[in-house]
Amino acid sequence: MKFRLKQIASAILTGCILFTIAACGGKHPSHAPAPEGRRVEMRHAQLLRIIEADDATTLVEIVNPWDTTKFLGKYALIERGKETPTSIPDVYMRINVPLERSVVYSGLHSSVIAELGGIGQVNGVCDVAYISDSLTSERVSNGKIIDCGSNYSPNLEKILSLKPDAVILSPYENSQDLDKFRRIGLTPVEAADYMEATPLARAEWIRLFGRLYGNKEGADSIFNQVEKDYNSLKRLASSSAERPKVLIDRIYSGVWDVPTSGSVTGIMIEDAGGRNPFNSYKDGGAAHLAPEEVLMKAGEADIWLVRYAEPKLSIDDLRKENALYARIRALTNGRVYGANTIGSGLFEDATFHPEKVLREMIILFHPESVNGPLKYYHKLQ
Amino acid sequence: MRISALIIINLLLIVANLYLGAVSIPADSVTSALFGTCRDETIDFIIWQSRFPTAITALLAGSGLAASGLMLQTLFRNPLAGPSVLGITSGASLGVALVMLLFGGALQFGELGIGGNVAVDAGALAGSLGVTLILLVLSGRVRNNLLLLIVGMMISYLASSLVTLLSSLTTARGLKTYVNWGFGTFSNVATDHLPGFTIIVVLCLVASILLAKPLNLLLLGDNYASNLGVNVKRVRTLLLTTTCLLSGIITAACGPIGFVGLATPHIARLMLRTDNHLLLMPATVLTGSALALACNLGSMLNPGNVIPINALTPIAGVPVVIYILLKKR
């Protein structure tokens, strides 16, 4: 009896070990052998792969952020006018580049396309009211770019009527729209940049936009500069002996969302030579804390950065809003800085130009190291 | 006897809400803060400016929603009636959705109000008052309570469909703000606003207790109640006004808290085995406050993430309802 129990236990143990090995082995998407070609080295992005199959064909693979064993999409970008190589498997959706006509869902993406000089190839955008890029807004107001409605429920008939070569969108988990898109003949490109874990990984997605809009060299060179500037600013900040404690945002509906150590904001605070009081939370993204916990952990914050969406915000507004705010050291020390998220360009630049946001954070954290005018933040009065 | 037990449970829960929270504070520090002898200003602040107002808000909101639920269930002679079923909460939600979603979250903060934002509070109050006004006007024309209940439900569907429409038109930020509001919280009422909130809710609760006797007579049917000298129309107006004020102000301050209004009258009925509102009303009120206080305590149990109140009210309430049902069979 004893022997049988031992046998069962060892069988279970072996099973568990085999299962664990199998599970660990599946961290990367399993797939048929990738077509031959030169793999473009992605130095930061984990969800984007670019392979140059030949002079006229670039293969793009976008990893599913919610299940990294799968792909969200595989694309073969074929230079316009060139033959489609027969060796490329059918699973790679064919897109002729540079795109001549496209619909772009996110204002962040239309900004980067404009920067790459491709805004003339954009015919439709979503969430027009929240586009801050002046080139895009101008083309919307003179009718060259069509408003395709909300990001969440875009007007498909309008999109179809624009006959886009591709629709650039930010994917979300278990979205059913994409299958529908493919059925009606649209080509969705799922730009999952926002799911990347680090500021530079997000910024590296500009290299995909460069390849879609015919400015590969421009995009690569912009990214190289972004990376160089970001890293040298980070080095500069790390040389400062003092590391101020930094608090972000404020309470809403009884909850204070704070950046964890793995979040992009958390990483940027550290890279700018600050200390994130919520580093003990490691999950990535935000921790949703009770205000009393924030007060205990960050009441001594030296600097408080408040991103807000209302037309204006003052120290007096903060004091009136919640008595807790008056107990935060940064408020009593006069080191509260606000950034209006509508119009300041903070959110737009944070994705593809994190070096600009980092620079500004260093100006605020270490004015002795970097100086200059502020673009996004201003001292709250 | 059972009412005394409920009072004791409430007192224990208030104490637990003061001593336990998202951060662990030694019991002696909490005691010294409560008696004004605490030297640590942060602890003193947490107890008096955060835990105390939150506990009182939970107590009042739970009581108010429970009283509303009981009044509406008796008025409509329907065990499924409640502020959310009749469209009063949906009206408040629509008001808030209009404020938040149309401005894409731009108005998520702002001027001072009960819940920290005058626009949101105004939206919630206007929404619930609007629905109640429609119900009041219709209650003058529609004699049949069942029809009135159906009208309320239709208004609720209409408000929900408009919220869906607004949600589809808004931005991610606007939607997130609205979803956050929908989670419900008892910690939005600042100490400065607590007296005002307390006065309104307590006055409405007093009115609910005063309405207990006419509610008993309404149980016999409108005709019997009229014969016994009850002005049915006036009582109906008073009941609807009190319920609307309670649900409107509580929804404005705490978000749309579900389940409490619907379930607590049943828990009280099952516990007391009576339809006498003179006993049922205080028991319902005390059950509602106990449920809200327990949920507030539970929302702080997960370190690093506040659990939404609306995720907890059914978790805390359903086992109690099932337990009482099985025990009393």
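Student: Are H1(B) and H13(B) roughly parallel or roughly antiparallel to each other?

Tutor: This is a predicted model. The axes of helix H1 (residues 2-19) of chain B and helix H13 (residues 277-299) of chain B cross at roughly 25 degrees and come within 9 Å. Angles under 35 degrees count as roughly parallel. Therefore H1(B) and H13(B) are, relative to each other, roughly parallel.

Student: How many nonpolar residues does the contact of H1(B) with H13(B) have?

Tutor: H1(B) contributes residues including B:Leu6, B:Asn10 and B:Leu13, while those from H13(B) include B:Leu286, B:Ala290 and B:Leu293. By class, this contact of H1(B) with H13(B) has one charged and five polar residues, and the nonpolar residues number 14.

Student: Which element gives the most to the side of chain A that touches chain B?

Tutor: Between the chains, 32 residues of chain A are in contact with 36 residues of chain B. On the chain A side, strand E14 (286-289), helix H10 (291-298) and helix H11 (315-321) each supply at least two residues. With five residues, the element that gives the most is H10(A).

Student: How far apart do the C-alpha centres of domain 1 of chain A and domain 2 of chain A lie?

Tutor: The domain assignment of chain A places domain 1 at 38-226 and domain 2 at 239-379. Their contact takes 16 residues from domain 1 of chain A and 14 residues from domain 2 of chain A. The distance between the C-alpha centres of these two domains is 31 Å.

How values were computed
Residues are numbered from 1 along each chain as its sequence is written. Chains are lettered from A and ligands numbered from 1 in the order in which they are written. This is a predicted model: local features need pLDDT of at least 70, side-chain atom pairs count only at pLDDT 80 or more; totals for chains, interfaces and linings use all residues. Two residues are in contact if their C-beta atoms, placed from the backbone, lie within 7 Å. Helices (H or I, at least four residues) and strands (E, at least two) are DSSP runs, numbered from the N terminus. Axes are lines fitted to C-alpha atoms, for helices over the stretch in contact, and angles run from 0 to 180 degrees between N-to-C directions. Angles under 35 degrees count as roughly parallel, over 145 as roughly antiparallel, 65 to 115 as roughly perpendicular and the rest as oblique. Ala, Val, Leu, Ile, Met, Phe, Trp, Tyr, Cys and Pro count as nonpolar, Asp, Glu, Lys and Arg as charged, and the others, Gly among them, as polar. Domain bounds come from an automatic or database domain assignment.
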